[in-house]
Structures are given as structure tokens and as C-alpha cells.
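Good morning, and thank you for coming. Please look at the structure now on the screen while I go through a few of its features.

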Amino acid sequence: MVFFADLNFISDTFRGSIEPALRYATQAPEHDPIPLLSMIAAVTSHVGLGATFSTSYQHPYYAARMWATLDHLTGGRAAWNIVTSLNQNQAANYGQDKLDPGELRYEKAHEFIEVCQQLWNSWDEDAVVMDRQNAIFVDASKVRRIEFEGRFYKSRGPLNVVRSPQNGPALIQAGTSPKGIELAAKYADAVFAIHPRAEDAASYYADVKNRVSALGRNPDHCAILFGVQPIIGESEAEALEKQEEHNSLVTVDGGMALLSGHLNFDLSALSPDDEMMSKTEPELQRARRVYRKENGESMTVSEVAQRHGQSVGLPQFVGTASSVADQLEAFFDRVGGDGFMLSPIYCPGAIEEFVDLVVPELQRRGRFRTEYTGVTQRDHLRQED
Ligand SMILES: Cc1cc2nc3c(=O)[nH]c(=O)nc-3n(C[C@H](O)[C@H](O)[C@H](O)COP(=O)(O)O)c2cc1C
């Protein structure tokens, strides 16, 4: 799957100014990924096509219609990363003076998805009959209103889009709070996770799978994909040089701007030399959880910011193609994940290197598919080996 993250603002969270975000291009600009997915769909035939779409600022009818349409255009390869958007700039861009608290955003998200699913189900699979002889396009008894009336949303339905190949897109979630994980366990076909240390990843994996099972779902139907940033060289030395060059390009201020936006917390309020581990502010707990030195020691605020700017917390797997394949295998065997989400260090080029050099190595080792066994994105995510 090719996946595009998304947000709907230029962050001024760091120092109350949009200057650092613009200067260091920290997720600015950020074009709408949905039209882009339609273009990619036109020139590809198998790869899954995913993007983020927030549940906090649109009506679910719009989302259900847009995603069903994209699922048609991609022949069932669409995937929606469901986020609730935690930065106040996004709320402000949509006319809200104050960001809703996280718990409320997730309650709305549950209802939002519920409305979307009811709208996708408002057309039976066999509703379109195309009966020329009797002049019937759709059997009207197979398309229903939904008459949804919830706490946050109302929608009459039915959807005005024919049931799509996957009946809506595959659903992805990347929340890290208990509410976020609960949403993932209930609905997600895949979860994006960032856990640099294998032991944390293993307990997260077990926790999410248990929650999926507890809700009566098949745990194999919720794939957990761990984020990794591969850095590949022809020799170990070349790979290390690349890593050094890449990481040194990230300034502390650039990292601060990116991380401040992602935490919805102005890091300029802290001393850059403070230990992140000592921080008790609720907004900083996510950074505290992800960032520690290899030896488990705490990092300073500026070290955390710079690391975030380098890879948003993804572990960097550095080496030759064979060594990167070893590291992927070791993580996979230790954690039991269902796959990886890869973040390229440059575009174009880094994903191409992975595909040309590491994928054949993983295939030789029997660790990577050699052909598609299904057609839709959900098929790809559920592929058994
Ligand atoms: C791999 C990954 C990708 C994410 N992509 C986006 C994104 O594109 N847009 C966005 O607003 N949030 C994105 N997030 C943030 C999450 O949706 C979520 O807000 C964040 O992890 C905090 O979780 P919580 O809201 O459950 O506390 C991403 C998170 C992860 C781990």
C-alpha cells in the first residue's frame, strides 16, 4: 500500500508562529491526498492506496460518499486512515475556537464511522440489476434509508453511490491513547504503530490483538504494521554515512516545529536541555513513551525534537540490503507483527531502493509475497502466508 498522511493546517504551535513550519517545510505544504490517490489509481493495478481523513470536521455523509467513490475508482484498493486531529490549528481552520477534548473527538469518531458504515450498507450487493428488458436500473427494495439520529450526527440516507468493491474503504487507525486503541480494535483492518523498542512493540501487539478478539473479531483481520525507516547502502559504511547526512539535515528548530505541532504543545515553553522523562504535562506523555536512548536513558527536549524531525520516532534500520532484511526479520520474529510501514528518507529513490534491493532478499528468504493473491486492499492486508 502507498499511504499519504494528511493534516489541514500550517502549524503555529511552536513559538506561536507559522514561520518555522514554513521555513523547515514541516508538513507544509500538505496538498489534499484524495485527488492524488485517484491519479495513482489510474496508472497502477494492484497496490493499495491509502490516505488520512479526519472525522472531526466534515459530515459523515460526505466522507461515506467520497470514500465509496474512491473505492470504485481504485477497484477496491482504497484505505482510509481514520484520525480525530489533535492540533488546535485544524479546529481553527474549520471555524472552531477551541479543539474538542480527545475523549469527545473519539466519541464523535465512533458515531461518524457508524454513520458511514450504515450508509455503505444502505445498498445491497445485488441492488443494481440493469434489467434492460423491464427497464429497471436498481431494484429499489434493495436500497434503504438509514434514518440515523445519534448524539452528534443525523443522516437520512441512502447513500447515492452504488455499493463499492470493498463496501467502503479498508479502515486504518493510528491512535495511541486508550480511546484510539479501542477504536482500532473495533473497526480497523490495519493499525499503524510506532514502537522503536521490540519489547514495547510486542506488548502493544498482544494488547491490540486481545482487544480485537474480545470484541468478537478475528485478530488476523486487524493487521498491525510497525513503522520503520530503512536506510540502505551498498556497504555498511555507506549506509551509516547516509544516515549521518540525513539526520544532520534536521535542525533542532525544525524538529521542535514538527513535534510541537504533533503534540499540540509549544515546546519553546520548555528549556531545550530539560529531560523529557521528567515532564508531567499530559501533552508530552506520548513523546516520553516513544523517545529514549538505545540504552534506555532519558533524552533532552531538543534531542527528542531532533529525533522526531528525523523519523517521527520510527526506528532507523541501517545497513546493506541484507542487513536491513536481517533487522526486519529479527523485529518481526520477536514482535510477531503483521508487516511494516516504511518511511522513505528521500523521495524519489528511497522506496525504489527498498523495492529493488531488500524485497528480493526477503523473497529469497520466503518472507515476502511474490504475487498478489487477492484484488482488494482488504485482501492484501489479510493475506496469509
Ligand atoms: C503512523 C502514524 C500516522 C499518523 N498519521 C496521521 C495523519 O496523517 N494525520 C493526523 O492528523 N494524525 C496522524 N497520526 C496521529 C494519530 O492519528 C493520533 O492522533 C496520534 O497517534 C495520537 O493518538 P491519540 O489521539 O489516540 O492520543 C498518525 C499517527 C501515527 C502513529
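I begin with the ligand: β3 (78–83) and α6 (178–187) each contribute at least two residues to the shell around it. Helices here are DSSP runs of H or I of at least four residues, strands are runs of E of at least two, and both are numbered from the N terminus. The model is a predicted one, in which local features need pLDDT of at least 70, side-chain atom pairs count only at pLDDT 80 or more, and totals for chains, interfaces and linings use all residues. Residues are numbered from 1 along each chain as its sequence is written.

Of the 19 residues around the ligand, those that come nearest are Ala-5, Thr-52, Gly-175, Ser-177 and Gly-180. A residue counts as near if its C-beta atom, placed from the backbone, lies within 6 Å of the molecule. The shell has seven nonpolar, 10 polar and two charged residues; Ala, Val, Leu, Ile, Met, Phe, Trp, Tyr, Cys and Pro count as nonpolar, Asp, Glu, Lys and Arg as charged, and the others, Gly among them, as polar.

I turn to Asn-247, which lies in helix α8 (residues 236–248).
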